[in-house]
Amino acid sequence: MNVEETYLYFAENESADGAGDSHVYPASTFLGVDPISATQTRISFKALAGTAADDDILLTHVTGKYKEVCEALALAVSDTSGQLVVFADEDNNIYHPKLRELGCIDSSSSVVTTLG
C-alpha cells in the first residue's frame, strides 16, 4: 500500500498572509505533546528550518481538556489520506472536528507558534 505523507496545518490569528502566521508540518515530523497548564498544550515538531530546537505550537483550549487534545492530535497525525489536515486555524475558526466533538474549543481558544 502506497501511503502519501499527511500534513498538519496550524494558523495564528494573523491573517496567514505573512511569515510566521501559519505553518504546515509533515505528520512524520511530530515529536510530542505536553501539558503546559490546564488550558494550554504544547505540540512539538522537528524544526522546519532544520535547527536543533523544535518548532512548538501552543494551543489554548477549554480547561482540563489536555487528554482530549491528545486524542484529536493522535487522530490527525495518524491520518493516512495524504491530505492536508487542518488541526487549528484560528484565523478562520476552523479546528479539527475531533477537537470540537470533544469540547476542547471555545471562544478563548488560540494558536501561537514558536519556531526553533
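The backbone oxygen of T60 lies 3.5 Å from a polar atom of the S109 side chain. The S109 side chain also reaches the backbone nitrogen of D106, at 3.0 Å. A polar contact here is a pair of N or O atoms within 3.5 Å; within protein, one atom must be able to donate a hydrogen and the other to accept it, and residues adjacent in sequence count only if both atoms are side-chain atoms. The model is predicted: local features need pLDDT of at least 70, side-chain atom pairs count only at pLDDT 80 or more, and totals for chains, interfaces and linings use all residues. Residues are numbered from 1 along each chain as its sequence is written, and side-chain values use heavy atoms, with hydrogens and water left out.

S109 sits in the loop between α2 (97–101) and β8 (110–114). Helices (H or I, at least four residues) and strands (E, at least two) are DSSP runs, numbered from the N terminus. With a relative accessible area of 7%, S109 is buried. Buried means under 20% relative accessible area, exposed over 50%, and partly exposed in between (1.4 Å probe, protein chains only). Beyond its neighbours within four places in sequence, S109 is in contact (heavy atoms within 4.5 Å) with T60, H61, E90, Y95 and C104.

C104 is itself buried, at 0% relative accessibility. The cysteine sulfur closest to that of C104 belongs to C70. The two sulfurs are 9.4 Å apart, too far for a bond. For C70, in turn, the closest cysteine sulfur is that of C104. A search of the whole structure finds 0 disulfides, a disulfide being a pair of cysteine sulfur atoms within 2.5 Å.

A11 belongs to strand β1 (residues 7–11). A11 counts as buried because its relative accessibility is 0%. Setting aside neighbours within four places in sequence, A11 is in contact with D21, S22, A88, D89, E90, D91 and V111. A11 and F87 are 76 residues apart in sequence, yet their C-alpha atoms are 8.9 Å apart in space.

Strands β3 (residues 30–35) and β4 (residues 40–45) run antiparallel and are joined by 5 bridges. Two strands pair if DSSP finds at least two bridges between them. A hairpin of 4 residues connects β3 to β4. F30 has F45 as its bridge partner in β4. In a regular strand, side chains alternate between the two faces of the sheet.
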